[in-house]
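This report describes one protein structure, with attention to how two of its elements pack together. The account begins with that contact and then widens to the whole chain.

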Amino acid sequence: MAVDRAHVLRSAAALLTRKSTATMDEVAKGAGISRATLHRHFAGRDALVRALEALGIEECEAALDAARLDEGPARDAVHRLVREIEPAAALLAFLYTENQLFEGEEQNPGWTRIDERIAALFRRGQDVGEFRIDLTPAWLTEALYGLLASGAWAVMEGRVAAKDFTYMIAELLLGGALRHHAEPHPTEPLPTEPRRAEPLPTEPHRAEPREES
């Protein structure tokens with residue numbers, strides 16, 4: 001019987017996002033195949049993780065396309081991006097813990113493409129005055145990744161309702177990223193004139209008691 005490689009990958013992703021230390025035997029059992037069959041498709045855990053990485057990048061880039069990052073206000077595009085990427089968030093959270101994927105010269109160029117597209121969204125928001133310019137696009141991108149991973153784990157552990165995923169992540173990120181025009185911006189000079197001390201309130205004059213003669 002032919003084995004559906006995509007099914008095996010989806011099954012492995014579902015298992016490893018819940019239990020990152022799962023063995024290849026457990027992955028095979030979860031996919032309903034033998035260890036030998038799994039090994040024919042993926043020589044070992046590293047090969048499986050690399051295949052999951054390719055799947056995660058593919059799903060992430062599809063979410064970026066669906067979110068229409070160049071349309072409308074940047075803050076609305078952030079909401080759309082979080083909503084579209086939610087189905088892949090758990091897999092991305094697992095991949096973020098696999099340090100070997102982000103070390104050395106063998107890093108998949110797909111991550112760079114994703115970084116650049118998300119950073120461009122934040123830069124667009126800064127250019128039109130929506131987002132603070134003292135927070136770099138690279139940092140806002142990393143903050144989004146961190147929130148996506150944390151949100152995915154919280155949902156999987158039942159500490160956060162899945163229906164609240166997009167709202168909580170987007171609102172927390174935007175709460176720090178949006179520029180509040182009523183407040184002085186760090187790049188603008190602050191007033192140099194010292195504040196004048198306000199006079200302290202004085203107690204009402206009390207008449208001294210008169211001595212009786």
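## The contact of α6 with α7

In this predicted model, I114, D115, I118, A119, F122, R123 and Q126 of α6 meet P137, L140, T141, L144 and Y145 of α7. By residue class, the contact comprises eight nonpolar, two polar and two charged residues.

Two packed helices are described by the angle between their axes and the distance between the axes. For α6 and α7 the angle is about 120°, and the axes lie 8 Å apart. The crossing of α6 past α7 is right-handed.

## Helix α7

Helix α7 covers residues 137-156, 20 residues in total. After α7 comes G158, which has a positive phi near 80°.

The buried residues of α7 are P137, L140, T141, A143, L144, Y145, L148, A149, G151, A152 and A154. These buried residues pack against α5 (74-96), α6 (109-127) and α8 (165-177).

## The protein as a whole

The protein contains eight helices and zero strands, giving the pattern α-α-α-α-α-α-α-α along the sequence. Of its 213 residues, 39% count as buried.

Among contacts with a separation of 6 or more, 67% involve residues 24 or more positions apart.

How values were computed
Residues numbered from 1 in each chain as written. Predicted model: local features only at pLDDT ≥ 70, side-chain atom pairs only at ≥ 80, totals over all residues. Heavy atoms only, no water. Helix = DSSP H or I, 4+ residues; strand = E, 2+ residues; numbered from the N terminus. Buried < 20%, exposed > 50% of the residue type's maximum accessible area, 1.4 Å probe, protein only. Contact = heavy atoms within 4.5 Å. Expected span 1.5 Å × (residues − 1). Axes fitted to C-alpha atoms, helices over the stretch in contact; angles between N-to-C directions. Left-handed = near helix turned anticlockwise from the far one by under 90°. Nonpolar A, V, L, I, M, F, W, Y, C, P; charged D, E, K, R; others polar.
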